[in-house]
Amino acid sequence: ARVCHSPTGYGLNQTFGTSAGTQDFESVEFSDVIMVIGANPAVAHPVFNSRMKQAIRRGAKLIVVDPRVTETVKSAHVEADHHLQLLPGTNVAVINSLAHVIATEGLINREFVNARCDLEAFAAWEKFICLQENRPEFLEAASGVPAAQIREAARLFASVHNGSIYYGLGVTEHSQGSTMVMGIANLAMATANIGRKGVG
């Protein structure tokens, strides 16, 4: 946490006010949609991967954000519903475009935001994320991810009760690592996916 995940500490502290993790180990088993960013749990985290596969077998959907086609994207008993195969270094562009779709298509959970978020800070974030330069179509050439894929993945993530996000060093070991962590946290807050089993 003090070395490779120091961007996590900073990013979560800026958004949540604490750098602590927001899930426990079994939380994935309660997820309806699982988003994995910059990690390959099929190889690097086999115990977690086993729990994730159990959730998928029970019907959970899987979104993988990774430049590579890994075993987490497709292997025995697992195939991602959406693989956002972004170009290296475009993590923030992809998370912003996902958030743009959620914000501009009326998918923000206003009840959660009004009850749990700093409304002034959230309004500033929403104004920024709704800018045209965050549109999936605008960022498609830079990120390499087709806008239609971004839109479908965003709608899926925002449409379920429990959406969880798991990320690894493919997020934090970039120059924009902390910014990406903040983008992930903002997406979780906008969709009310923080503070209970199966989310965070």
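Student: Okay, where do F122 and W125 lie?
Tutor: Both lie in helix 6 (residues 119-129), three residues apart, which is about one turn of the helix. Helices here are DSSP runs of H or I with at least four residues, strands are runs of E with at least two, and both are numbered from the N terminus. Before we go on: this is a predicted model, where local features need pLDDT of at least 70 and side-chain atom pairs count only at pLDDT 80 or more, while totals for chains, interfaces and linings use all residues. Residues are numbered from 1 along each chain as its sequence is written, and side-chain values use heavy atoms, with hydrogens and water left out.

Student: Got it. Are F122 and W125 buried or exposed?
Tutor: Both are buried. Buried means under 20% relative accessible area, exposed means over 50%, and partly exposed is in between (1.4 Å probe, protein chains only).

Student: And how many aromatic pairs are there?
Tutor: The count is two. Rings of Phe, Tyr and Trp (its six-membered ring) pair if their centres lie within 6.5 Å; planes under 30 degrees apart are stacked, over 60 edge-to-face, and the rest tilted.

Student: New topic. What's up with the phi of H77?
Tutor: The phi of H77 is near 70°, a positive value in a residue other than glycine. Most residues other than glycine have a negative phi. H77 is in the loop between strand 3 (74-75) and strand 4 (78-79), and H77 counts as exposed because its relative accessibility is 62%.

Student: What about A192?
Tutor: A192 has a positive phi as well, about 65°, although it is not a glycine. You'll find A192 in the segment after helix 10 (177-190). At 7% relative accessibility, A192 counts as buried.

Student: Which residues does N96 touch?
Tutor: Leaving out residues up to four places away in sequence, N96 touches F128, I129 and N134. Contact means heavy atoms within 4.5 Å. N96 itself lies in helix 4 (residues 91-104) and is buried, with 13% relative accessible area.

Student: Let's zoom out. How many helices and strands are in the chain?
Tutor: The chain has 10 helices and six strands. Its radius of gyration is 15 Å, close to the 16 Å that the globule rule gives for 200 residues, so the chain is as compact as a globular protein of that length. That radius is taken over C-alpha atoms, and the rule is 2.2 Å times the number of residues to the power 0.38.

Student: And what share of the residues is buried?
Tutor: Buried residues make up 50% of the 200 residues in the chain. As for contacts with a separation of 6 or more, 71% are between residues 24 or more positions apart.
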